[in-house]
Amino acid sequence: MTETTHIQTVPPGDGAKPRSPEYRVAVDSLRGLRQDLIHDAFAYRPLPRRRTDGRFARRLPGRLREYTAWTPHALIVVAALISLALATVDTRGPAALTGLFCAVPVLLTMVRPVGAFWASMVSTPIVAVLGSRWGEWPWAPGGFVSHLTVLTVVAMRTRPRAAGWMWVLTGAYALLADAGIGPTNTYGTNSAAMLILSAMILLCVTVWHIRRAAVQEVTAQQTVTAHERSRRTLLEERTTIARELHDVVAHHMSVVAIQAEAAPYRVENPPPELEKAFATIRENAVAALTELRRVLGVVRAEDYEVPDAPQPTLADLDGLLANVRDAGLSVDKAVIGAVRELPQGVELSAYRIVQEALSNTLRHAPGATARVEIGYVLGGLGLRIVNGPPPNPGLIKPSPGAGHGITGMRERVTMLNGEMTAGRTDDGGYEVAVFLPVALPDEGDV
């Protein structure tokens, strides 16, 4: 009997001592520092122009509004000039050189923000060593303003974590400079002033970042919510239309089936071919009615009940106008052309369009006058519902569902292959114009 021994090889690294949480935090921190301030530090990132549709920019004239797009760039140039002026006044070294070292990092923030921070860290000790007659250390007056400006602009153009790293490195330089490295003929250190001021500025910038991110998130959520609300309203309107059409078509198909069944009994001794034809018509009508109820019946809610009364038509429009007048709306009606009977789907859609347009007038233009025009023209039906401007706009209350009534009307018009326009009139009112095509009686025989 042979005994086989399996020796398991421990993968490299499995036997190593597990890293402590402090070590992992330090490694993650160094990785974050490298990602924020070292990786692609001098990448080209031009400062974008400011939007010209802001609250204050919209009030300015056209030419001046265009100039406001360069406001951030102008502010940075002004800060660079201030740093240049402070660096060249009362300096013990070459004024042009110290001014250049103070102004260049500020201007660099417009194209290479992270690189501007490192340029400021390099230029700060150079300007301080060249010295100022005022004796500040480790930041000369020009370098002080330059470094604060660079910290502010770079923090606004990067992430809050990068701003924290910049403040830590600034504090490390301040501690190193105050530890005895540097000139000794100074009146005092301004490290505390730099760290306190920069901390306050960076805190404000971080709060600004957080607020802007929150506003963007809320705006995105509101956009998604509005889109979903619009889709839900559209589906609800289509469901309502499908229910109404189901009732209309089901009624007609039932009449066809009943008439086909009763027709043979109205003729004495009908031929077998006629009886068979009527039987086939009835079978097809019943089959179509069953399929229609199966397909369109799914749009009914569980608590939906088929209306006892028939669906409204244009003949019932006078009752609708009377109800609207009772609600306080002064409305007139005008009929153009010879009144004729139209398909029930067209009559129903026309009635609902007028009803929705008048409801919108009551909601959005209280106290205004309205006019309903119905035109029986060749090849279709024309509708025009127009209202005047509201006499007291202060009475209008904001409506969260604004625009959904127009969506429903467009759905009905699209279903009938019609055309619709809706918009404000020159006098401040609103107009809805609709054309619903209707085939002529003899078109189906051609």
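Contact means heavy atoms within 4.5 Å. The model is predicted.

Q: What share of the contacts in the protein with a separation of 6 or more comes from residues 24 or more positions apart?
A: Such residues account for 73% of those contacts.

Q: How many helices and strands are there in the protein?
A: The protein has twelve helices and seven strands.

Q: Why are α3 and α4 called roughly antiparallel to each other?
A: Angles over 145 degrees count as roughly antiparallel. The axes of α3 and helix α4 (residues 95-108) cross at roughly 155 degrees and come within 8 Å. The two helices are therefore roughly antiparallel. Their crossing is right-handed.

Q: Which residues of α3 and α4 meet?
A: From α3 come I76, V77, A79, A80, S83, L84, A87 and T88, and from α4 come A95, T98, G99, L100, C102, A103, V106 and L107. By class, this contact has twelve nonpolar, four polar and no charged residues.

Q: Why does S83 count as buried?
A: Buried means under 20% relative accessible area. S83 has 0% relative accessibility, so S83 counts as buried. S83 lies in helix α3 (residues 71-88). Leaving aside neighbours within four places in sequence, S83 is in contact with C102, V106, G142, V145 and S146.

Q: Why is A103 placed in the buried class?
A: The relative accessible area of A103 is 10%, so A103 is buried by the cut-off of under 20%. A103 is found in helix α4. Apart from neighbours within four places in sequence, A103 is in contact with A80 and L84. The C-alpha atoms of A103 and I82 are separated by 8.4 Å, and these residues are 21 residues apart along the chain.

Q: How do you know that α5 and α6 are roughly antiparallel or roughly parallel?
A: The axes of helix α5 (residues 113-130) and helix α6 (residues 141-157) cross at roughly 165 degrees and come within 9 Å. That makes α5 roughly antiparallel to α6, since the class takes angles over 145 degrees. The crossing of α5 and α6 is left-handed.

Q: Which residues of α5 and α6 meet?
A: P113, V114, A116, F117, S120, M121, T124 and V127 in α5 meet G143, H147, V150, L151, V154 and R157 in α6. Sorted by class, the contact has nine nonpolar, four polar and one charged residues.

Q: How do you know whether N360 is buried or exposed?
A: N360 counts as buried because its relative accessibility is 14%, and buried means under 20%. N360 lies in helix α11 (residues 344-364). Residues up to four places away in sequence not counted, N360 touches A365, G405, I406 and M409.

Q: Why is N417 called exposed?
A: Exposed means over 50% relative accessible area. N417 has 66% relative accessibility, so N417 counts as exposed. The place of N417 is in the loop between α12 (404-415) and β6 (419-424). N417 is not a glycine, although its phi is positive, about 60 degrees.

Q: How many residues are in the protein, and what share of them is buried?
A: The protein has 446 residues, and buried residues make up 33% of them.

Terms used: Residues numbered from 1 in each chain as written. Predicted model: local features only at pLDDT ≥ 70, side-chain atom pairs only at ≥ 80, totals over all residues. Heavy atoms only, no water. Axes fitted to C-alpha atoms, helices over the stretch in contact; angles between N-to-C directions. Helix = DSSP H or I, 4+ residues; strand = E, 2+ residues; numbered from the N terminus. Parallel < 35°, antiparallel > 145°, perpendicular 65-115°, else oblique. Left-handed = near helix turned anticlockwise from the far one by under 90°. Nonpolar A, V, L, I, M, F, W, Y, C, P; charged D, E, K, R; others polar. Buried < 20%, exposed > 50% of the residue type's maximum accessible area, 1.4 Å probe, protein only.
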